[in-house]
Amino acid sequence: MSGTNSRLRALRAWFDDRVGILGEMERLGKKKRVPLHRHTIWYYLGGMTLFLFIVQVVTGVLLLFYYRPNAEGAYESIQFLMTDVHFGWLVRSIHHWAANLMIFTLFIHMFSVLLLRAYRAPREMTWFTGVVLLALGLTLGFTGYLLPWNELSYFATTVGTRIVGVVPWVGQFLLGVLRGGNDVTGATLTRFYALHTAVLPALVFLVLGLHVYLVQRHGMSVPPEVESEEKPPRSIPFLPDFALRDLVGWLAALAVLAALAAYFPAELGKKADPFASAPVGIKPEWYFMFMFQTLKYLPAYILGFEGEAVGILGFGLAGLLLFLVPVLDRPSVRGQRTRLFVWLGIAMIVYIVTLTIIGYAVSPKG
Amino acid sequence: MDGEEVRQAHGPRDGSQRDGASRREVVNWILGLGAGGVAAAVFYPIVRYIVPPEEAQSAANSVALSVKPEDVKSNSGQIFKFGNKPAILIRTPTGDLRAFTAVCTHLGCIVEYRADLSQIWCPCHNGHYNLQGINVSGPPPKPLTEYVVNVQGDRIVVSRGQAG
């Protein structure tokens with residue numbers, strides 16, 4: 001036992017002398033401290049999202065072993081995967097569930113950062129990269145949804161891309177580029193496949209690398225309320241204390257994923273048929289539901305513009321404002337105590353949650 | 001606090017240290033078992049997943065060809081599907097119909113019939129088989145498996161089994 005240990009240590013030392021990455025990471029991890037206070041729980045959400053992203057990369061690469069990216073074979077390859085390949089159902093179901101949980105933790109992570117105002121100087125770039133990662137995550141979800149080429153994903157993509165088409169002036173052009181033609185066809189599938197498996201993951205790696213580097217560089221943000229207390233909060237080292245707690249969370253997440261995959265495996269449905277009527281109850285993924293539901297309420301025309309166009313531009317503007325929060329929240333930057341952006345954040349959460357619930361509660365006929 | 005007091009506060013030195021060490025060993029063992037369990041639960045499905053599922057073996061023991069016997073010219077060969085594997089049907093210069101697997105025994109290329117040599121030939125590494133399917137020159141290590149050819153009226157039926 002001790003012989004093995006000393007041999008391992010020797011191997012580690014040999015490696016460190018030549019590469020040095022492990023030693024450097026250990027040094028940084030031990031130097032970094034995580035403050036302990038009543039909001040510390042929110043510090044775990046970023047790491048949790050990162051873990052789920054890693055799960056996505058691993059299961060995504062595994063799915064590539066059997067997936068065929070064309071309209072003739074995509075559905076059949078997933079059918080083969082779900083029925084004949086050992087643990088194929090498990091790999092696909094985990095990919096499905098980890099995607100949903102990742103978007104969920106992404107939202108919670110973002111809102112916790114917003115409400116605790118962790119975007120204040122010098123962490124503006126961390127926030128900007130975070131909002132970009134949210135947008136990339138949502139786009140990954142949208143593009144991945146089409147890949148099984150089933151009825152539901154086909155019509156959801158038709159509706160989703162059609163919405164892009166109503167943007168004034170450039171809409172039709174964007175629609176064509178997105179679909180690879182006028183309609184959702186096999187050309188759209190290969191396009192989405194390229195985006196989902198190559199372009200977007202590459203972008204995520206770049207932006208995520210910058211994001212994690214910035215978190216490392218600036219350390220954990222302490223909320224203003226805690227900062228203004230008399231005593232500075234206690235803190236624990238990132239390595240090993242916080243990392244081990246992170247690990248417990250990750251193990252729990254893995255268990256939850258396995259349970260969800262086993263009890264609620266991802267469905268496949270019917271193969272897409274461009275010449276069949278859309279089935280009743282076409283819904284987007286839950287994280288697009290609030291936008292989908294909002295568009296339903298808009299009248300056909302607002303001030304001479306198509307209602308949908310106004311809605312899309314509205315969401316675009318809201319996204320831009322969200323991106324610019326660190327710039328817009330001047331009082332917080334100046335160190336003044338203002339809760340304006342906290343209330344705006346709460347309003348956003350209430351809006352998203354309410355519209356999502358309505359979207360699921362209201363029957364498709366209503 | 002002098003040394004004696006410290007020792008009293010922490011109990012007798014040697015005994016407690018051995019207890020602590022063995023307790024740590026037990027905890028390490030449990031942790032190691034847990035980590036091993038998690039690793040096995042993750043990697044076993046991944047390995048099983050990557051290993052392709054068994055293909056259904058072709059149940060075909062014989063196949064009726066679409067070509068008529070009189071259309072197979074002397075000193076010629078053609079590839080046909082036997083189950084999910086390629087096979088070659090040849091008519092020798094003396095007029096016999098024979099069939100072999102078309103997969104070269106060297107590295108699995110598909111062989112062809114060379115009318116100029118009256119031999120079965122593998123173009124990948126210049127392997128030669130004679131009209132009995134026996135490897136006569138080049139790298140192939142074994143003869144081609146021969147199939148049984150029966151002419152039933154105007155049909156050619158090729159089946160597995162020892163050629164008579």
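In this predicted model, one set of contacts in chain A joins helices H3(A) and H5(A): Leu45(A), Gly46(A), Met48(A), Thr49(A), Leu52(A), Phe53(A), Val55(A), Gln56(A), Thr59(A), Gly60(A), Leu62(A) and Leu63(A) on the H3(A) side touch Val91(A), Arg92(A), Ile94(A), His95(A), Ala98(A), Ala99(A), Leu101(A), Met102(A), Thr105(A), Leu106(A), Ile108(A) and His109(A) on the H5(A) side. Sorted by class, the residues of this contact come out as 15 nonpolar, eight polar and one charged. An α-helix makes a turn every 3.6 residues, so residues three or four places apart point the same way. As for the geometry, H3(A) covers residues 44–64 and H5(A) covers residues 88–115, and their axes come within 8 Å and cross at roughly 155°. An angle over 145 degrees counts as roughly antiparallel, and H3(A) and H5(A) are therefore roughly antiparallel to each other. Their crossing is left-handed.

H5(A) also has a contact with H4(A), the helix of residues 74–83. Here the axes come within 6 Å and cross at roughly 115°. On the H4(A) side the contact involves Ile78(A), Leu81(A) and Met82(A), and on the H5(A) side it involves Gly88(A), Trp89(A) and Arg92(A). Four of the residues in this contact are nonpolar, one is polar and one is charged.

Another helix pair in chain A is H6(A) with H9(A). Two packed helices are described by the angle between their axes and the distance between the axes. For H6(A) and H9(A), the angle is about 160° and the axes are 9 Å apart. That makes H6(A) and H9(A) roughly antiparallel to each other, and H6(A) passes H9(A) in a left-handed crossing. The contact of H6(A) with H9(A) has 19 nonpolar and 10 polar residues, with no charged ones.

In the loop between H5 and H6 of chain A sits Pro122(A). Its relative accessibility is 46%, so Pro122(A) counts as partly exposed. Pro122(A) and His218(A) are 96 residues apart in sequence, yet their C-alpha atoms are 7.5 Å apart in space.

Helix H11(A), residues 238–263, has 26 residues and reaches 35 Å from its first C-alpha to its last, close to the expected 38 Å. Phe242(A), Asp246(A), Ala253(A), Leu257(A), Leu260(A) and Ala261(A) are buried in H11(A). Packed against these buried residues are strand E1 (33–36), H3, H5 and strand E2 (234–237) of chain A.

Over in chain B, there are two helices and 10 strands. Along the sequence, chain B reads α-α-β-β-β-β-β-β-β-β-β-β. Chain B has 164 residues, of which 27% count as buried. Looking at contacts in chain B between residues at least 6 apart in sequence, 38% join residues at least 24 apart.

Technical notes
Residues are numbered from 1 along each chain as its sequence is written. Chains are lettered from A and ligands numbered from 1 in the order in which they are written. This is a predicted model: local features need pLDDT of at least 70, side-chain atom pairs count only at pLDDT 80 or more; totals for chains, interfaces and linings use all residues. Side-chain values use heavy atoms; hydrogens and water are left out. Axes are lines fitted to C-alpha atoms, for helices over the stretch in contact, and angles run from 0 to 180 degrees between N-to-C directions. Helices (H or I, at least four residues) and strands (E, at least two) are DSSP runs, numbered from the N terminus. Angles under 35 degrees count as roughly parallel, over 145 as roughly antiparallel, 65 to 115 as roughly perpendicular and the rest as oblique. A crossing is left-handed if the near helix is turned anticlockwise from the far one by less than a right angle, and right-handed if clockwise. Contact means heavy atoms within 4.5 Å. Ala, Val, Leu, Ile, Met, Phe, Trp, Tyr, Cys and Pro count as nonpolar, Asp, Glu, Lys and Arg as charged, and the others, Gly among them, as polar. The expected span of a helix is 1.5 Å times one less than its number of residues. Buried means under 20% relative accessible area, exposed over 50%, partly exposed in between (1.4 Å probe, protein chains only).
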